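Subject: Structure handover

Hello,

Here is the structure to take over from me. My notes on it follow below.

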Amino acid sequence: MSVNKMTAEERIVATINLEPVDRVVCAPLIDQYAGQFAGMTNKEFMWSWEKSMQAIEKLAKTYPVWDSNAYMQYSRTASVVQRAGVARIKLPGKELEDDNAQYQIHEYEAMTREDYAILKEKGFMEFRMTFLERAHGVNRETVIAGMQDIAKLRDEELAATLKRGQSATWAAIMGVIPFDFLSMTRSMDKFYKDMFQIGDQLEELLWIINDAVIAGSEKVVEATGVNRVFVGGVRGAGQFISKKHFERFVWPYLKVMVEKMVAKNIVPILHFDADWTKNLEYFLDLPKKKFVLELDSATDIFKAKEILTGHCAIKGDVSPSLFTVASVAEIDEYCKKLITEVGKDGGLLYSCGCSMPMNARHENVKAFFDAVEKYGKYN
């Protein structure tokens with residue numbers, strides 16, 4: 001196929017299917033950096049949806065090679081974050097005095113061990129709603145209104161993304177794997193104690209969450225028409241827990257989740273931060289060419305390519321340090337290696353490691369995008 005003859009959507013679909021493409025998919029996850037690029041404070045960016053949309057638009061026009069935009073309202077919209085965000089958040093211009101501060105996630109024990117009874121007896125939604133009420137210090141009506149706004153903003157961003165000619169990396173953020181969800185609601189240290197002390201009780205609860213994530217994914221795909229969904233994972237990585245606990249509390253649920261999503265024609269984008277290098281071979285047991293493994297630069301992405309070649313697409317993974325403190329030559333060198341080695345024979349969604357850092361150097365961001373044209377075109 002001739003160079004640059006595919007649409008953004010055709011390119012991402014072919015890459016996930018491990019089919020030939022005209023050039024590498026450029027799919028960085030960008031939120032607060034866009035505000036810095038547009039010359040506004042992070043307070044302006046996060047507290048004004050209109051300004052944040054303008055900033056994203058400006059960045060996309062400057063770098064039209066940016067193929068695929070990701071829906072990230074949780075990290076862009078303070079009015080949503082403080083009512084229905086995934087955790088308690090400290091925001092610029094509110095809890096944080098510096099108007100240009102990066103928002104901060106505050107981890108604490110919002111749900112006690114006794115609250116597991118809510119999940120078991122009343123189900124996932126009641127447990128989640130109780131957590132959000134406590135995390136944000138608001139009532140149920142406020143949480144529901146925040147969720148409704150999230151859906152509204154999601155639809156607006158999807159429309160703007162498609163109007164620009166980009167593809168949507170995913171339809172929505174479906175949350176995290178069950179292990180991580182309970183860890184976030186209980187706090188990391190409390191949940192790890194639960195894992196050792198009441199592991200038998202957790203197994204049943206994790207299946208309840210698993211079923212809820214699958215059902216929610218089906219609904220959001222129906223609502224948006226985009227069959228790719230974000231599923232996060234961090235705390236279940238080999239960096240943090242043993243193989244024994246991974247095989248008991250993480251892998252069975254993740255495997256079933258992916259298999260059931262695939263059966264419903266849903267493509268999970270496994271946004272897995274932290275170091276999963278020890279766990280990479282497990283992903284060979286997931287359906288071939290039906291999911292994406294997204295890595296944040298902690299996992300050895302070149303090892304991932306070695307193990308998973310011909311099995312799944314890989315997304316990543318230019319690190320925050322390369323964007324913030326490296327020279328232009330250094331980031332260009334890594335981008336070339338990433339595109340030519342991990343992108344060899346296809347299957348690469350070229351991206352930053354997790355989200356592009358808010359304090360990225362503008363010249364390094366330019367080098368990141370320039371590398372697509374320099375190294376990412378295929379014959």
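Which residue stands opposite Gly 232 in E7? The residue is Val 176. Please keep in mind that this is a predicted model.

Strand E7

Val 176 belongs to strand E6 (residues 173-176), which runs parallel to E7 and is joined to E7 by 2 bridges. E7 also pairs with strand E8 (residues 267-272), again in parallel, through 6 bridges. In that pairing, Phe 272 of E8 is the residue opposite Gly 233.

E7 itself spans residues 228-233 and is mostly covered, with 6 of its 6 residues buried. Arg 228, Phe 230 and Gly 232 point one way from the strand, while Val 229, Val 231 and Gly 233 point the other way. Both sets are buried.

Arg 235

The loop between E7 and helix H12 (243-249) holds Arg 235. Is Arg 235 buried or exposed? Its relative accessibility is 13%, and the cut-off for buried is under 20%, so Arg 235 counts as buried. Its side chain makes polar contacts with two side chains: that of Glu 107 at 2.7 Å and that of Ser 183 at 3.0 Å. Leaving out residues up to four places away in sequence, Arg 235 also touches others, including Phe 179, Asp 180, Met 184, Met 188, Tyr 192, Phe 240 and Ile 241.

Nonpolar core

The largest nonpolar core has 128 residues, and those that touch the most other members are Leu 182, Leu 270, Phe 283, Leu 293, Val 318 and Tyr 350. Helix H11 (residues 199-224) supplies the largest share of this core, 8 residues. Phe 283 is in contact with Leu 270 and Leu 293, and also with Trp 251, Leu 254, Phe 272, Trp 276, Phe 291, Leu 308 and His 311, leaving aside neighbours within four places in sequence. Phe 272 in that list is the residue of E8 that stands opposite Gly 233.

Regards

Conventions:
Residues are numbered from 1 along each chain as its sequence is written. This is a predicted model: local features need pLDDT of at least 70, side-chain atom pairs count only at pLDDT 80 or more; totals for chains, interfaces and linings use all residues. Side-chain values use heavy atoms; hydrogens and water are left out. Buried means under 20% relative accessible area, exposed over 50%, partly exposed in between (1.4 Å probe, protein chains only). Helices (H or I, at least four residues) and strands (E, at least two) are DSSP runs, numbered from the N terminus. Two strands pair if DSSP finds at least two bridges between them. A polar contact is a pair of N or O atoms within 3.5 Å; within protein, one must be able to donate a hydrogen and the other to accept it, and residues adjacent in sequence count only if both atoms are side-chain atoms. Contact means heavy atoms within 4.5 Å. A nonpolar core is a set of buried Ala, Val, Leu, Ile, Met, Phe, Trp, Tyr and Cys residues joined through side-chain atoms within 4.5 Å.
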